[in-house]
Amino acid sequence: MSVELIGNAARRVSTAAVAWLEPARQAALLTLRESGLPTTASEEWRYTDLGPAIARLAPAGELRPALDVAATAWPDLLLETGWPVCLIVDGSLQSGADSRVRQFSAVQEQDRAFLAGAVADSRSQPSALADLNAALLGDGTFVDLPAGVTDAAPLYLACATSTAAATASRIVIRCGRQRRATLLLHFLSASACASSTVVDIHCEAGAELSLVVLQDQSDDAIHLGCERVSVAAGASLDMVMLDAGAGLARNDLLVTLADAGARLRLASLMVGDGARHVDQYCRIEHRGTSTSSQVTVRGIADEGSRLVFNGKVIVHPGAKGADAAMRNQNLLLSAAAEVDTRPELEINENEVRCSHGATTGQLDQNALFYLRSRGIADTAARRMLLGAFAREILARLPAGLSASGLLAGIGRHRDLWRDWAGAS
Amino acid sequence: MTRNTEPLLEVADLHVSVGDKPILQGLSLSVAAGEVHGIMGPNGSGKSTLAHVLAGREGYTVTAGSVRFRGLDLLAMAPEERSRAGVFLGFQYPVEIPGVNNVYLLRAALNAQRKHRGEPEMDSVQFMRLARERARLMQMGEQFMSRGVNEGFSGGEKKRNEIFQMAMLEPQFAVLDETDSGLDIDALKVVAGGVNSLRDGRRSFILVTHYQRLLDYIEPDFVHVLAGGRIVRTGDKSLATELESQGYDALVGST
Ligand SMILES: Nc1ncnc2c1ncn2[C@@H]1O[C@H](COP(=O)(O)OP(=O)(O)O)[C@@H](O)[C@H]1O
Ligand SMILES: [Mg+2]
């Protein structure tokens, strides 16, 4: 697996519209050349081989057929929320009636430095996925939520990869000082594709961002996702992630709680079925004093799927009063499924409160018998218990986004999700 | 004892093991429609095993014997099929199921039973009216109904919830496994009132208990002593009084 594949693909991407991004792209490519692409020899990539993904990502860098919107399930979801929608196809913004959203190629000159900095930011939170994405970038999407504005409607970003395409999408979100906002990011694809999606999220001082990330790509898709988050003083990010699609999904969530009082709350659900491989890497860095991270990740591993949770909380020297809890709970439903979980703490400060834990188990047989003894069929009882497990996460969806409304729009296993959402 | 009707439940020479360990060893019991049977017996004598086997719990091996319920081979049926056929188990230790709402479960259960009988589903207005009425009978507040199944309930609340569920499902036959254990006298009266309200001359009950006082409130037709995996004595309710004053050893000898 060679970085040159990436270099070749990068040369084929048309970058004329964002010439000012060229230094950032070159810097990213250089970083990749110097450090190489990650291999399964590294701890962070132990369970996922990036090779096949790169092979699919790189040669097809210029394919851009249109998305067959009618063939996807997402319009239901749009109707459900009634939120303003922006559709991004293969990395470029298609329709954006919303003033908060612009293509990189259409941003004002004063924002370019900020965006180039965000894209090239490989120092604070290094990520091969982010570098890979930067190298292949033709354009991007800037979601600008300036300070001093309140009560804007939530925003729905549907980020689609079209048939057989292999693409890189970049979304930069800037949530201004004291700004409260709600965003839904929905990744979907019509069929087999490989996509690299990086979202840079900047929560400025006092901002409160509520973010839902829904990954619902088709079974044969490869999804390489990365969210790089920095949270400033007194700001908070409340995040719900639902990983329900793609044959191979790897996601890196990289969070820096940069200043005093910065907070992260994450509730994440991974659903594995068929031969799905889902690898969630999570790195949370406490740098400011009195910062807080509360992470709950749940996984359901059925059939021949494999779920990986690799989570790391790092408390840096000086981050006094840090409060971190990381929990990973998994249900292993089939003998052929596999769960690998490694929650870790690295604490370099004394006055902190940190905990972590992981469990992997089967459905509670006592609960199953109890439900069946009341006349509930075995399959329905199992679904109820799965729903109960999932609902701990689904209950964290922001107001205005009901679990049933959201989940009814998920293309895969629609009945199951609906069932899960409705049983409360 | 003479009976003019075919029994509702007929347990014949039942042998049950857990792993290699024999627990029930030739238990026979016949319950006719409308009857209330008390079963008493020392700890570990197999009372809960009998209750679980009747309800269809996995993990028990029936090595001999049979159980017929309304002419059906009960042991061949899945737990949900038994429930729909009219069997109810009141658990000695009701299970907490956070995330599955109490009322949601009841409604799903009730509609599963109705579907089985070929009746239409109950709409939510009808259902809630019925649920409120029965909950009032069990002196359960609305807050119990909106919580997860038994989630955070006290011991007594869990037992009342069992009887509430029974009152909603209106089974033909119920085994109540130590429903009275851990109840104060007021809660005991509520539970007994719930059971008595369902006694209609056709519905039958097995009450597993350690205490005569439950049988003071719910008058049994028969009282059995289960020891060593078998019914070793059968009598009327005076047997309970005798047991209470003399203990098991004096009555059945050490087994
Ligand atoms: N799942 C089990 N595994 C092993 N032993 C069991 C199991 N269930 C019951 N037993 C044993 O069977 C015997 C009867 O138990 P149980 O039916 O619960 O008695 P009771 O309800 O009369 O107190 C006890 O010795 C108990 O330890
Ligand atoms: Mg018992």
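1. A residue counts as buried when its relative accessible area is under 20%. The model discussed here is predicted. Ser236(A) has a relative accessibility of 11%, so Ser236(A) is buried. Its place is strand β11 of chain A, residues 236-243. Leaving aside residues up to four places away in sequence, Ser236(A) touches Cys203(A), Ala207(A), Glu208(A), Leu209(A), Val231(A) and Arg263(A).

2. Asn251(A) sits in strand β12 of chain A, residues 248-257. Its relative accessible area is 3%, so Asn251(A) is buried. The side chain of Asn251(A) makes a polar contact of 2.7 Å with the side chain of Glu227(A). Beyond residues up to four places away in sequence, the residues that Asn251(A) touches include His223(A), Gly225(A), Met241(A), Asp279(A) and Tyr281(A).

3. Now the interface. On the chain A side, 20 residues are in contact with 32 residues of chain B. The area buried between the two chains is about 2000 Å². Carbon and sulfur atoms give 62% of that area. In chain A, the residues that lose the most area to chain B are Phe369(A), Tyr370(A) and Arg374(A). Together they account for 39% of what the chain A side buries.

4. The rule finds three salt bridges across the interface of chain A and chain B. One of the residues named above, Arg374(A), forms a salt bridge with Glu162(B). The closest N and O atoms of Arg374(A) and Glu162(B) are 2.7 Å apart.

5. Which helices of chain A each supply at least two residues of the side that touches chain B? They are α7 (365-373) and α8 (378-394). Helix α7(A) gives the most, with seven residues. By class, the side of chain A that touches chain B holds 10 nonpolar, five polar and five charged residues.

6. Chain B contributes to a metal site. Ser48(B), through OG, and Gln92(B), through OE1, coordinate the magnesium ion (ligand 2). The distances are 2.0 to 2.2 Å. Ser48(B) lies in helix α1 of chain B, residues 47-55. Gln92(B) lies in the loop between β6 (87-90) and β7 (97-101) of chain B. The pair therefore ties together parts that are 44 residues apart in sequence. Gln92(B) has 17% relative accessibility, so Gln92(B) counts as buried.

Methods
Residues are numbered from 1 along each chain as its sequence is written. Chains are lettered from A and ligands numbered from 1 in the order in which they are written. This is a predicted model: local features need pLDDT of at least 70, side-chain atom pairs count only at pLDDT 80 or more; totals for chains, interfaces and linings use all residues. Side-chain values use heavy atoms; hydrogens and water are left out. Contact means heavy atoms within 4.5 Å. Buried area is the accessible area (1.4 Å probe) that two parts lose on being put together, summed over both. A salt bridge is a side-chain nitrogen of Lys or Arg within 4 Å of a carboxyl oxygen of Asp or Glu. Helices (H or I, at least four residues) and strands (E, at least two) are DSSP runs, numbered from the N terminus. Ala, Val, Leu, Ile, Met, Phe, Trp, Tyr, Cys and Pro count as nonpolar, Asp, Glu, Lys and Arg as charged, and the others, Gly among them, as polar. Donors are N, O and S atoms within 2.8 Å of the metal (3.2 Å for Na, K and Ca); water is not among the atoms, so sites may look incomplete. Buried means under 20% relative accessible area, exposed over 50%, partly exposed in between (1.4 Å probe, protein chains only). A polar contact is a pair of N or O atoms within 3.5 Å; within protein, one must be able to donate a hydrogen and the other to accept it, and residues adjacent in sequence count only if both atoms are side-chain atoms.
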